[in-house]
Amino acid sequence: MRAEAQAHVEKINAAMALVRRFIEWDRALRRLDELNARVEDPALWNDPKQAQAIMQERRRLDESIAAVKAIETDRDDTVELIEMAEAEGDTDMEAEANASLAALAERAETDKVKALLAGEADANNTYIEVNAGAGGTESQDWASMLQRMYQRWAERHGMKVELIDYHAGEQAGIKSATMMLKGENAYGWAKTESGVHRLVRISPYDSSARRHTSFASVWVYPEVDDNIDIVINESELRIDTYRASGAGGQHINTTDSAVRITHLPTGIVVQCQNQRSQHKNKAEAYNQLRARLYERELAEREAVANATNASKTDIGWGHQIRSYVLQPYQLVKDLRTGVTSTAPSDVLDGALDPFMAAALSQRVTGETVEVEDVD
């Protein structure tokens with residue numbers, strides 16, 4: 001085969017190998033056989049809730065296994081066709097087969113990401129919380145750019161965006177903001193975005209036009225539905241109320257309707273001010289707290305399951321994940337995966353899928369990439 005076709009084959013092989021590893025292929029085959037046998041048992045439906053869970057697991061496994069088998073079969077058939085065309089000197093057939101192989105490689109990448117979005121909470125809606133770092137107006141402006149970036153990304157995926165909490169900066173930008181993204185696999189896609197994001201640019205707020213470095217943190221955690229049991233002890237909470245203000249000072253409430261809840265054992269703080277009713281804001285803040293505690297539990301499980309890579313799940317202020325350089329050159333670089341883009345304006349307008357997909361893959365392989373930061 002020619003180099004171009006070989007490259008497509010290697011891309012397909014890599015994608016399918018990752019899926020096989022993620023679903024633990026041999027175990028998945030055995031488990032599917034077990035589930036198929038259980039479905040044949042009429043007694044299964046004596047417990048409708050358990051039966052539904054089994055049917056869902058069976059469907060997910062069946063779809064993942066069938067997708068891998070279909071792609072690998074199509075790969076083998078197309079490679080055979082290319083080799084036949086080359087042997088017969090049929091350039092038209094070879095070109096058509098190569099085009100089919102390229103399309104199959106793209107399909108393999110799509111199926112790979114779909115398979116990786118099968119975590120416990122991946123299908124859930126998600127909260128995205130953005131906080132400005134030290135640095136005043138510069139960092140606050142950067143935080144607002146990140147908030148817009150995630151809003152644009154969500155809109156590209158047809159998701160609904162709801163602003164839960166918002167604290168404007170003194171001169172520009174935001175001190176912090178919390179959004180709820182509602183859509184298919186919202187948390188699964190966005191979960192790898194938690195961490196510190198670094199911006200390098202010529203400051204629009206510096207009369208001397210000097211280059212500035214700004215930081216902002218992003219925290220992503222899933223909405224907790226009724227099927228997830230998170231117990232919160234009321235005695236471990238501190239609940240404060242304060243006067244809410246709208247984004248950019250658009251409106252100011254005259255009552256202390258905003259609510260802030262601090263979970264004392266963990267230090268987790270959540271707040272909500274998007275409703276005029278204190279009762280509704282308190283209910284939403286409780287939802288956020290349950291979500292944050294659940295995300296913490298998921299991270300702890302992942303760290304225990306993969307202790308050698310526990311540092312990857314250490315999501316905090318000191319964990320820088322990506323740099324965005326606007327001057328003197330144009331570059332976005334992910335410091336975990338090495339994925340880069342020379343079009344920062346596109347990234348800041350929501351073109352995040354390549355970064356997210358690479359980070360999802362890395363969580364499966366456990367491979368770390370030594371990447372130097374950019375200045």
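Between which two elements does the loop that holds Asn185 lie? Asn185 sits in the loop between S3 and helix H6 (186–190). The points below take up that residue and the rest of the model.

1. **Basis.** This is a predicted model, in which local features need pLDDT of at least 70, side-chain atom pairs count only at pLDDT 80 or more, and totals for chains, interfaces and linings use all residues. Residues are numbered from 1 along each chain as its sequence is written, and side-chain values use heavy atoms, with hydrogens and water left out. Helices (H or I, at least four residues) and strands (E, at least two) are DSSP runs, numbered from the N terminus.

2. **Confidence.** pLDDT is the predictor's confidence in each residue, from 0 to 100. Its mean over the chain is 87, and 89% of the residues reach 70 or more. Two stretches need care. Over residues 248–252 pLDDT stays under 50, and the model has six contacts there beyond four places in sequence. Residues 307–317 also stay under 50, with 26 such contacts. Contact means heavy atoms within 4.5 Å.

3. **Backbone exceptions.** Most residues other than glycine have a negative phi, and most peptide bonds are trans. Asn185 is not a glycine, yet has a positive phi of about 60°. The peptide bond from Gln327 to Pro328 is cis, with omega near 10°. Pro328 belongs to the loop between S9 and strand S10 (331–334).

4. **H1 on H3.** Two packed helices are described by the angle between their axes and the distance between the axes. Axes are lines fitted to C-alpha atoms, for helices over the stretch in contact, and angles run from 0 to 180 degrees between N-to-C directions. For helix H1 (residues 3–23) and helix H3 (residues 48–88), the axes come within 11 Å and cross at roughly 160°. H1 and H3 are therefore roughly antiparallel. The cut-offs are under 35 degrees for roughly parallel, over 145 for roughly antiparallel, 65 to 115 for roughly perpendicular, and oblique for the rest. H1 passes H3 in a left-handed crossing. A crossing is left-handed if the near helix is turned anticlockwise from the far one by less than a right angle, and right-handed if clockwise. H1 residues in the contact include Val9, Ile12 and Met16, and H3 residues include Ile65, Val68 and Ile71. The residues of this contact of H1 with H3 divide into 11 nonpolar, two polar and three charged. Ala, Val, Leu, Ile, Met, Phe, Trp, Tyr, Cys and Pro count as nonpolar, Asp, Glu, Lys and Arg as charged, and the others, Gly among them, as polar.

5. **H2 on H3.** Helix H2 (residues 25–39) packs against H3 at an angle of about 135°, with the axes 9 Å apart. That makes H2 oblique to H3. The crossing of H2 and H3 is left-handed. Trp25, Leu29 and Leu32 are among the H2 residues in the contact, and Ile54, Leu61 and Ile65 among those of H3. The contact of H2 with H3 has 11 nonpolar, two polar and six charged residues.

6. **H3 on H4.** The axes of H3 and helix H4 (residues 91–116) come within 9 Å and cross at roughly 160°. That makes H3 roughly antiparallel to H4. Their crossing is left-handed. By class, the contact of H3 with H4 has 11 nonpolar, three polar and six charged residues.

7. Two strands pair if DSSP finds at least two bridges between them. Eight strands form an open sheet in the order S2-S3-S1-S5-S4-S9-S10-S11, with mixed pairing. Strand S2 (160–168) and strand S11 (340–341) stand at the edges, each with a single partner strand, so one side of each has no neighbour in the sheet. Helix H5 (residues 137–156) packs on this sheet and touches S1, S2, strand S3 (174–182), S4, S5 and S9. The direction of H5 makes about 10° with that of S3.

8. Strand S1 (residues 126–132) and strand S5 (residues 211–222) run antiparallel, joined by seven bridges. Strand S4 (residues 195–202) pairs with S5 in the antiparallel sense over eight bridges. S4 and strand S9 (residues 320–325) pair in the parallel sense over five bridges. Leu199 stands opposite Ser214 in S5, and its bridge partner in S9 is Tyr324.

9. **Three-strand sheet.** Three strands form an open sheet in the order S6-S7-S8, with antiparallel pairing. Strand S6 (237–242) and strand S8 (268–272) are the edges. The twist averages 15° from one strand to the next. Six bridges join S6 to strand S7 (residues 258–263).
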